[in-house]
Amino acid sequence: MKTLAKKDICKTLSIWAEKYEVLSPVKTENGDCIFGDFSEKTFTLDYKKPPLSPKSVLFPPSEIIFNVENNNYQQVVGSKKTLIFGMRACDMMGIRQASSFMGRDNKDIYYQAKQNTAATIVVACLGPQNETCFCTTTRSGPVAEKGFDLQFYDTGDAFLIEIGSSRGSELLSGMSLSEINDSTAKKQIDEFTKKAEKAIPEVKSVINAMNKLKDKKVEEKVWDDFGAKCITCGGCAFVCPTCTCFNVYDQQFSPGNGVRLRSWDSCLYGGFTREASGHNPRLSQALRLKRRHEHKLFDYNKTDIQDSLCGCVGCGRCSDYCPVHIGTLEVAKAIAE
């Protein structure tokens, strides 16, 4: 394996930026951290989880899928060579989950075009990003098991680099990096993983909620209470690394000219499951919240559907950003109690 000194990280990213559009943790003028275009001036290694997961690179909030000119439809399949540096293990799991969905039946050509040209570099977590992290509960972190091209482990003044794909090998090809004995590296990774997992204990209420959902022992009053509280903003779906619902609509500029777009949608919106007849099988907000959290937690076990992926990756963003506190952690606690 190889190691990279932290003082050389900007130089390395600059080299990759010659071939890729590099997205990395950057500080905004307001002091927030987002995944944005790499710049030595704004790049930081001192960052927590950003509001939006890197899933948005492969599945944008809104994208044009057809251009219409003089009544002629031209399909738009956009992609560019992108390198995402610094994503966390939970977000890598989110991409795996989204990729599983987008390629499960009919392959989504818009998603796959971006995925095929995107390099992913995970920086394993030393501990929780904040108090809402529970990746060890959903088996999605703090270290990624697969899916990445490269994974970086913080060893103090340097990063130990694990190669996860042929593209990862190509990224390191020709670069001046220090070598480390494989057995020594494996020992360091094992020690890192054990220490990180210990720092992020399992959340018992989430496990109890999963079991109660599976055994159909959740009282309807739980959903009624949360349904009355929800303001239907859709924020929990938009910050979630595994949500893949979208709507398709046309925008006309003039007769015979316009675009067809697809944009993120949310299962919490009243019209999401409304049928052409006007019937809505989930007419109340309580039923919509119930369905959402069943989808995230109901089918979970250690060897689950969709390549052992849980619908929730334990990032805690829904709990971080819901204005009325109806995140997975709050719902699981109410179910468990």
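**Putting the terms to the test**

Visitor: Why does Asp8 count as partly exposed?
Guide: Asp8 has a relative accessibility of 27%. Buried means under 20% relative accessible area, exposed means over 50%, and partly exposed is in between (1.4 Å probe, protein chains only). The 27% falls in between, so Asp8 is partly exposed.

Visitor: What kind of model is this?
Guide: It is a predicted model, where local features need pLDDT of at least 70, side-chain atom pairs count only at pLDDT 80 or more, and totals for chains, interfaces and linings use all residues. Residues are numbered from 1 along each chain as its sequence is written, and side-chain values use heavy atoms, leaving out hydrogens and water.

Visitor: What makes Lys7 and Asp8 a salt bridge?
Guide: The term needs a side-chain nitrogen of Lys or Arg within 4 Å of a carboxyl oxygen of Asp or Glu. For Lys7 and Asp8, the closest N and O atoms are 3.5 Å apart. That is within the limit, so the pair qualifies. Side chains of opposite charge can pair when their charged atoms come close.

Visitor: Is Lys7 buried or exposed?
Guide: Its relative accessible area is 71%, so Lys7 is exposed.

Visitor: What does the salt bridge between Arg260 and Asp250 tie together?
Guide: The closest N and O atoms of Arg260 and Asp250 are 2.6 Å apart. Arg260 lies in strand β12 (residues 257–264) and Asp250 in strand β11 (residues 246–254), so the bridge ties parts that are 10 residues apart in sequence. Helices (H or I, at least four residues) and strands (E, at least two) are DSSP runs, numbered from the N terminus. Arg260 has a relative accessible area of 26%, so this residue is partly exposed. Asp250 has 47%, so Asp250 is partly exposed too.

Visitor: Which residues do salt bridges with shared partners join into one network?
Guide: They are Glu63, Asp108, Lys114 and Arg262. The whole structure holds 15 salt bridges.

Visitor: How do you know that Lys2 forms a salt bridge with Glu179?
Guide: Their closest N and O atoms are 2.4 Å apart. The pair links distant parts of the chain: Lys2 is in strand β1 (residues 2–5) and Glu179 in strand β10 (residues 178–179), 177 residues apart. Lys2 is partly exposed at 22%, whereas Glu179 is exposed at 58%.

Visitor: Why is Phe159 called buried?
Guide: Its relative accessibility is 2%, so Phe159 counts as buried. Phe159 lies in strand β9 (residues 158–163).

Visitor: Which residues does Phe159 touch?
Guide: Among them are Lys2, Thr3, Leu4, Leu45 and Val123, not counting residues up to four places away in sequence. Contact means heavy atoms within 4.5 Å. Phe159 and Thr3 are 156 residues apart in sequence, yet 5.4 Å apart in space, C-alpha to C-alpha.

Visitor: How many helices and strands does the protein have?
Guide: It has 13 helices and 12 strands. The radius of gyration is 21 Å, close to the 20 Å from the globule rule for 337 residues, so the protein is as compact as a globular protein of that length. The radius is taken over C-alpha atoms, and the rule is 2.2 Å times the number of residues to the power 0.38.

Visitor: What share of the 337 residues counts as buried?
Guide: The share is 49%.
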